[in-house]
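Here is a brief report on one protein chain. It starts from a single residue and widens to the whole fold.

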Amino acid sequence: MLEKFRAQARARKGERRAHADYTGGVYGSLLAASVVVGASTLGNFPRVELALLLLATGVAFWLAHVHAQLFGARMAQRSLDKGTVLHVCREEWPIVEAAVPSAVAVLVSPLLNLDVQGAAWLALAVALISQVGWATAAARRAGAHWREVVLTDAVNLVIGLLIVALKFTLKH
């Protein structure tokens with residue numbers, strides 16, 4: 001009986017992974033990169049403040065996406081129940097997850113002897129690498145041919161390079 005329960009749990013977990021949507025991760029990484037660029041153009045933020053700003057922005061946008069999903073498209077189709085709310089919260093959670101690597105990069109930057117601007121550059125690089133990583137995972141999970149994976153990575157890299165160009169342009 002216990003083994004049957006475990007097998008069912010593994011099957012549900014595999015099913016969730018097979019249907020995973022990495023859009024939130026790509027979006028959240030792009031958001032983290034934008035937060036780093038925006039914050040660094042305003043001056044030198046203390047590391048903890050920048051890390052908290054990254055996480056708080058991720059949570060705020062996660063809540064906005066959950067709200068939009070629940071009260072936008074979903075509510076028109078059916079009434080809300082606890083299962084639907086939890087499903088949407090899990091579905092949009094990669095937006096928050098995507099902010100974590102950049103926040104950690106900022107917090108560990110003193111170990112690499114980086115000043116605050118160096119920490120911002122590290123966080124930006126981590127966000128852009130994460131963005132391409134999420135896009136690769138999404139394309140591979142969707143069963144994309146290797147050429148499509150390369151194309152989606154290239155598009156995400158170009159978007160990331162535009163953000164880097166903004167950082168250079170907006171620097172005062």
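Leucine 107 lies in helix α6. Helices here are DSSP runs (H or I, at least four residues), strands are E runs of at least two, and both are numbered from the N terminus. This is a predicted model: local features need pLDDT of at least 70, side-chain atom pairs count only at pLDDT 80 or more, and totals for chains, interfaces and linings use all residues. Numbering starts from 1 along each chain as its sequence is written, and side-chain values use heavy atoms, with hydrogens and water left out.

Is leucine 107 buried, partly exposed or exposed? Leucine 107 counts as partly exposed because its relative accessibility is 46%. The classes are buried (under 20% relative accessible area), exposed (over 50%) and partly exposed in between, with a 1.4 Å probe and protein chains only. Leaving out residues up to four places away in sequence, leucine 107 touches Arg47, Val48 and Ala51. A contact means heavy atoms within 4.5 Å. The C-alpha atoms of leucine 107 and alanine 51 are separated by 6.8 Å, yet the two residues are 56 apart along the chain.

Leucine 107 belongs to a nonpolar surface patch with Val48, Leu52, Leu55, Val100, Val104, Val108, Leu111 and Leu112. Together these residues have about 800 Å² of accessible area. Two or more residues of the patch come from each of α3 (47-77) and α6. The largest share, four residues, is that of α6. Patch members have over 30% relative accessible area and no salt bridge; nonpolar side chains (Val, Leu, Ile, Met, Phe, Trp, Tyr) are joined within 5 Å, like charges within 9 Å. A salt bridge is a side-chain nitrogen of Lys or Arg within 4 Å of a carboxyl oxygen of Asp or Glu. Areas come from the Shrake-Rupley method with a 1.4 Å probe, and for residues only the protein chains shown count as cover.

Leucine 55 sits in helix α3. Its relative accessibility is 31%, so leucine 55 is partly exposed.

**The interior**

Which residues have the most contacts inside the largest nonpolar core? They are Leu54 and Leu124, in a core of 27 residues. At least two core residues come from each of α2 (23-41), α3, α4 (82-92), α5 (94-97), α6, α7 (116-141) and α8 (146-170). Helix α2 gives the most, with seven residues. Another core, of five residues, lies apart from this one and includes Tyr22, Val26, Trp134 and Ala135. A nonpolar core is a set of buried Ala, Val, Leu, Ile, Met, Phe, Trp, Tyr and Cys residues joined through side-chain atoms within 4.5 Å.

Leucine 124 contacts Ala33, Val36, Val37, Ile163, Val164 and Lys167, neighbours within four places in sequence aside.

Alanine 39 lies in helix α2. Alanine 39 counts as buried because its relative accessibility is 3%. Beyond four places in sequence, alanine 39 is in contact with Phe45, Leu50 and Leu53.

Serine 130 lies in helix α7. With a relative accessible area of 15%, serine 130 is buried. Ser29 and Pro101 are its contacts, apart from neighbours within four places in sequence.

The C-alpha separations are listed here.

| Pair | Along the chain | C-alpha to C-alpha |
|---|---|---|
| Leucine 107 and alanine 51 | 56 residues | 6.8 Å |
| Serine 130 and alanine 98 | 32 residues | 7.2 Å |
| Alanine 39 and alanine 120 | 81 residues | 8.8 Å |

**A backbone exception**

Asparagine 113 is in the loop between α6 and α7. What is its phi? Asparagine 113 has a positive phi of about 60°, although it is not a glycine. Most residues other than glycine have a negative phi. Asparagine 113 is exposed, with a relative accessible area of 74%.

**The whole chain**

The chain has eight helices and zero strands. Of its 172 residues, 36% are buried. Contacts between residues 24 or more positions apart make up 72% of those with a separation of 6 or more. The chain exposes about 10400 Å², and carbon and sulfur atoms supply 67% of it.

**Confidence**

pLDDT is the predictor's confidence in each residue, from 0 to 100. Its mean over the chain is 83, and 83% of residues reach 70 or more.
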